Amino acid sequence: GVVATHSSADDCWGVFHGQVFSFTSGGSGHPKKSLVKWGICGQDTTSLFDSQHPEYYLTTQLGRVGGRLLGALMPGASGSS
């Protein structure tokens, strides 16, 4: 799917709770290389996110680490389809 094509530190999209975020611009939180190392770029990582953070982080903290909401995940756009 489309999200799977954005799987590098220079072009990183991640899916959390059905929402697609771009981390390409970077931020002051996790280094972009860590996002790749943890497997966040290019796939739905809701389970990993939920195991590490409370759900409110989705709306309050992803911007701090450079996450920019792109929109809702469209059917067939994730890495798993």
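These legends walk through several close-up views of one predicted protein chain.

**Before you start.** This is a predicted model, so local features need pLDDT of at least 70 and side-chain atom pairs count only at pLDDT 80 or more, while totals for chains, interfaces and linings use all residues. Residues are numbered from 1 along each chain as its sequence is written, and side-chain values use heavy atoms, with hydrogens and water left out.

**View 1. The whole chain, from end to end.** You'll find 3 helices and 5 strands here, and from the N terminus they run β-β-β-α-β-α-α-β. (Helices are DSSP runs of H or I with at least four residues, strands are runs of E with at least two, and both are numbered from the N terminus.) Of the 81 residues, 35% are buried; that word means under 20% relative accessible area, with exposed meaning over 50% and partly exposed in between, using a 1.4 Å probe and protein chains only. The accessible surface is about 4600 Å², and carbon and sulfur atoms hold 55% of that. (The areas come from the Shrake-Rupley method with a 1.4 Å probe; for residues, only the protein chains shown count as cover.) Now take the contacts (heavy atoms within 4.5 Å) between residues at least 6 apart in sequence: 69% of them join residues at least 24 apart.

**View 2. The disulfide of Cys12 and Cys41.** A disulfide is a pair of cysteine sulfur atoms within 2.5 Å, and the count by this rule is 1. In the link of Cys12 and Cys41, the sulfur atoms sit 2.0 Å apart. The pair ties together distant parts of the chain, 29 residues apart: Cys12 is in strand E2 (residues 11-16), and Cys41 is in the loop between helix H1 (32-37) and E4. The angle about the S-S bond is -90°, and the link is left-handed. Cys12 is buried, at 1% relative accessible area, and Cys41 also counts as buried, at 8%.

**View 3. The largest nonpolar core.** In soluble globular proteins, nonpolar side chains tend to be buried together. The largest core here has 10 residues, including Cys12, Cys41, Leu35, Ile40 and Leu58. (A nonpolar core is a set of buried Ala, Val, Leu, Ile, Met, Phe, Trp, Tyr and Cys residues joined through side-chain atoms within 4.5 Å.) Leu62 belongs to this core too. Leaving out residues up to four places away in sequence, Leu62 touches Phe16, Phe21, Phe23, Phe49, Tyr57 and Gly67.

View 4. The whole structure has 4 aromatic pairs. (Rings of Phe, Tyr and Trp, with its six-membered ring, pair if their centres lie within 6.5 Å; planes under 30 degrees apart are stacked, over 60 edge-to-face, and the rest tilted.) Phe16 and Phe23 pair edge-to-face, at 6.0 Å centre to centre with 85° between the planes, and both are buried. Ring pairs also join Phe16, Phe21, Phe23 and Phe49 into a cluster.

View 5. Asp44 lies in strand E4 and is partly exposed, at 38% relative accessible area. Its side chain makes a 2.7 Å polar contact with the side chain of Thr46. (A polar contact is a pair of N or O atoms within 3.5 Å; within protein, one must be able to donate a hydrogen and the other to accept it, and residues adjacent in sequence count only if both atoms are side-chain atoms.) Thr45 is in the loop between strand E4 (43-44) and helix H2 (46-52). Thr45 counts as buried, at 6% relative accessibility. Setting aside residues up to four places away in sequence, Thr45 touches Val15, Phe16, Gly39 and Ile40.
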